[in-house]
Amino acid sequence: MITAFRPGPDRERPEELLGHACALVRLCGRDAAIAMVFLALVLVGTVSRLAAGLPGAVALALLPVLAGAFAISAGYAVRSRRTLVSVLGEVRGRTGAPVDPSAPWTPFGAAAALDARVRDTELRRLLAAAHRCGELSWQAVAWAAATAVLFLFWWLATAMTGG
């Protein structure tokens with residue numbers, strides 16, 4: 001039997017929750033960057049191959065599959081970023097902090113102290129969003145790797161059909 005671990009109040013300090021969320025956000029950014037590098041290499045390789053001449057029929061038939069995997073990976077990377085910015089905006093709106101997505105951890109002024117219960121709720125929301133972004137960015141990396149493998153098959157098909 002598997003039971004869920006759910007810490008009660010005062011088990012995790014706010015600093016620990018914020019630290020977990022920040023670490024996850026950094027990992028999300030790294031994963032999204034890795035996915036974008038894969039996708040950029042595939043895009044450059046595909047465009048340069050198409051610029052050299054139209055490939056054969058088999059390679060053209062594989063091109064939509066490659067484009068689909070590319071779009072899925074890029075979509076996951078964009079959704080990861082948009083999810084994080086959206087949640088940060090919602091948290092800032094509920095807590096009264098300024099809404100500026102380029103500065104994710106704006107400190108609160110001394111006059112705007114938060115109730116501990118509200119603070120913990122908002123930190124848990126941020127942590128949940130960071131977990132969701134982590135999953136989305138990992139999916140982006142997985143699809144980017146699949147896109148790179150599909151690109152290799154596509155490139156071999158262009159070479160074999162004499163394109």
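Leaving aside neighbours within four places in sequence, S73 is in contact with A35, L39, A140, W143 and A144, where contact means heavy atoms within 4.5 Å. The structure is a predicted model, in which local features need pLDDT of at least 70 and side-chain atom pairs count only at pLDDT 80 or more, whereas totals for chains, interfaces and linings use all residues. Residues are numbered from 1 along each chain as its sequence is written, and side-chain values use heavy atoms, with hydrogens and water left out.

S73 belongs to helix α2, residues 57–95; helices are DSSP runs of H or I with at least four residues, strands are runs of E with at least two, and both are numbered from the N terminus. S73 is buried, at a relative accessible area of 0%; buried denotes under 20%, exposed over 50%, and partly exposed the range in between, for a 1.4 Å probe and protein chains only. The side chain of S73 also reaches the backbone nitrogen of A144 at 3.3 Å.

The largest nonpolar core contains 14 residues, and V87, L126 and L127 have the most contacts inside it. Such a core is a set of buried Ala, Val, Leu, Ile, Met, Phe, Trp, Tyr and Cys residues joined through side-chain atoms within 4.5 Å. Helices α1 (14–51), α2 and α3 (116–160) each supply at least two residues of this core, and its largest share, six residues, comes from α3. A second, separate core has seven residues, including V42, L63, W154 and A157.

T46, in helix α1, is buried, with a relative accessible area of 10%. Beyond its neighbours within four places in sequence, T46 is in contact with L63, L66, F151 and W154.

Note on methods
A polar contact is a pair of N or O atoms within 3.5 Å; within protein, one must be able to donate a hydrogen and the other to accept it, and residues adjacent in sequence count only if both atoms are side-chain atoms.
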